[in-house]
Structures are given as C-alpha cells and as structure tokens.
Amino acid sequence: MDIEEFYAADERRRQSAELEFGTDWHDENGRCAVSWIEDTGEIYLMREPDAGVWGDAFGDMRARGVSEHALGIEVLGLVPGRSAVEAVMSGWEQQMPDPDGVAWLRDRVQHAAEHLHDTPATPSDVLPDDKP
C-alpha cells in the first residue's frame with residue numbers, strides 16, 4: 001500500500017507521534033526509512049523506489065521526483081512502548097548502511113522479546129504530530 005492508504009487505514013497512525021530510525025536503509029527494492037508509530041506500536045518501512053538520476057545541461061546531477069503514491073509501506077511488526085522500541089532498535093545506526101541491514105531489522109522486530117533489555121537506541125528524529 002502507499003503512504004496515504006496506510007494512514008487512511010487507521011486514523012491512529014495519522015494522529016500519533018512517531019519516532020524515526022534512519023532514512024537511508026536499502027534493500028533490493030530501493031531506499032527505505034524506518035519509523036515507529038506510538039499509538040499503534042507498529043514499526044514500518046517506507047520504501048522509496050529508485051527515482052533515477054540524470055545529468056542536466058550544466059553537468060549537475062539531478063534526481064527525479066517520486067510521487068507519494070510510489071512510497072510503499074511495509075509493516076514489520078508491533079513493539080508496544082517507547083522503551084521497548086528503543087531497546088529493539090539498539091544498534092540500528094551501525095546496521096543501516098549494511099546491505100543486509102533490512103534483514104537485520106526484520107530479525108530484530110520478529111524477535112523483539114529477546115531484545116527488550118538491550119541498550120536503548122536514540123531515534124534519528126521525532127516526527128511532528130501533524131502528518132499530511
């Protein structure tokens with residue numbers, strides 16, 4: 001589903017605070033951002049397909065824009081509570097640039113209960129409450 005369908009499917013998502021855990025994850029389908037929604041406990045990937053890069057007449061590189069409808073969402077799982085998600089995401093900064101970082105992320109979320117006592121991670125950003 002795209003980002004708008006995702007938020008429309010559960011209004012709690014649109015109204016909730018979110019924590020972001022990096023915007024430069026990669027998998028075979030493109031670049032991803034990882035966020036956690038406080039009110040639902042969902043950790044999700046927002047996947048941005050490769051928009052392509054082209055050179056302009058002046059030799060500068062430009063990226064083609066991506067529509068919000070092209071931003072795919074994948075819910076990885078549920079981790080209720082901020083302290084729990086910070087423990088589960090411990091080490092994300094080191095894993096994000098790794099080509100298998102998304103696999104690491106999926107494994108951490110799938111086995112969240114095993115990581116609840118890990119050193120808490122610091123989110124990269126707290127997203128504003130006023131979602132589009």
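This note goes through the fold, strands, core, aromatic pairs and salt bridges of a predicted model.

1. **Basis.** Local features here need pLDDT of at least 70, side-chain atom pairs count only at pLDDT 80 or more, and totals for chains, interfaces and linings use all residues. Residues are numbered from 1 along each chain as its sequence is written, and side-chain values use heavy atoms, with hydrogens and water left out.

2. **Overall fold.** The protein has five helices and eight strands. Helices (H or I, at least four residues) and strands (E, at least two) are DSSP runs, numbered from the N terminus. The order from the N terminus is α-α-β-β-β-β-β-β-β-α-α-α-β. Of the 132 residues, 42% count as buried. Buried means under 20% relative accessible area, exposed over 50%, and partly exposed in between (1.4 Å probe, protein chains only). The accessible surface comes to about 7,400 Å², and 51% of it belongs to carbon and sulfur atoms. These areas come from the Shrake-Rupley method with a 1.4 Å probe; for residues, only the protein chains shown count as cover.

3. **Contact range.** Take contacts between residues at least 6 apart in sequence: 61% of them join residues at least 24 apart. Contact means heavy atoms within 4.5 Å.

4. **Strands around β4.** β4 is mostly covered, with five of its seven residues buried. β3 and β4 pair in the antiparallel sense over six bridges. Two strands pair if DSSP finds at least two bridges between them. β3 and β4 form a hairpin with four residues between them. Gly-41, in the turn, has a positive phi of about 75°. β4 also pairs with β7 (residues 72-78), again antiparallel, over six bridges. Arg-31 stands opposite Glu-48 in β4. Arg-47 stands opposite Gly-72 in β7.

5. **Gly-30.** Where does Gly-30 lie? Gly-30 is in strand β3. Gly-30 is buried because its relative accessible area is 14%. Leaving out residues up to four places away in sequence, Gly-30 touches Trp-25 and Glu-48. Gly-30 and Arg-47 are 17 residues apart in sequence, yet 6.4 Å apart in space, C-alpha to C-alpha.

6. **Main core.** The largest nonpolar core has 22 residues. Such a core is a set of buried Ala, Val, Leu, Ile, Met, Phe, Trp, Tyr and Cys residues joined through side-chain atoms within 4.5 Å. Phe-21, Trp-25, Ile-43, Met-89 and Leu-105 touch the most other members. The elements giving two or more residues are β3 (30-37), β4 (42-48), α3 (82-88) and α5 (101-110). α5 gives the most, with four residues. Apart from this core lies another, of seven residues, among them Ile-3, Ile-37, Tyr-44 and Ile-73. In soluble globular proteins, nonpolar side chains tend to be buried together.

7. **Aromatic pairs.** The whole structure holds four aromatic pairs. Rings of Phe, Tyr and Trp (its six-membered ring) pair if their centres lie within 6.5 Å; planes under 30 degrees apart count as stacked, over 60 as edge-to-face and the rest as tilted. Phe-6 and Tyr-7 pair edge-to-face, at 5.3 Å centre to centre and 65° between the planes. Both Phe-6 and Tyr-7 are buried. Phe-21 and Trp-92 are also an edge-to-face pair, at 6.0 Å and 85°. Phe-21 lies in the loop between β1 (18-20) and β2 (25-27) and Trp-92 in helix α4 (residues 92-95), so the pair ties together parts 71 residues apart in sequence. Phe-21 and Trp-92 are both buried. Phe-6, Tyr-7 and Tyr-44 form one aromatic cluster.

8. **Salt bridges.** How many salt bridges does the whole structure hold? The search finds nine. A salt bridge is a side-chain nitrogen of Lys or Arg within 4 Å of a carboxyl oxygen of Asp or Glu. Asp-27 bridges to Arg-47, with the closest N and O atoms 2.7 Å apart. Asp-27 lies in strand β2 and Arg-47 in strand β4, so the pair ties together parts 20 residues apart in sequence. Asp-27 and Arg-47 are both buried.

9. Arg-82 and Glu-86 meet in a salt bridge (2.7 Å, N to O). Both lie in helix α3, four residues apart, about one turn of the helix. Arg-82 is partly exposed, at 40%, whereas Glu-86 is buried, at 14%. Salt bridges that share partners join Asp-27, Arg-47, Glu-74 and Arg-106 into one network.
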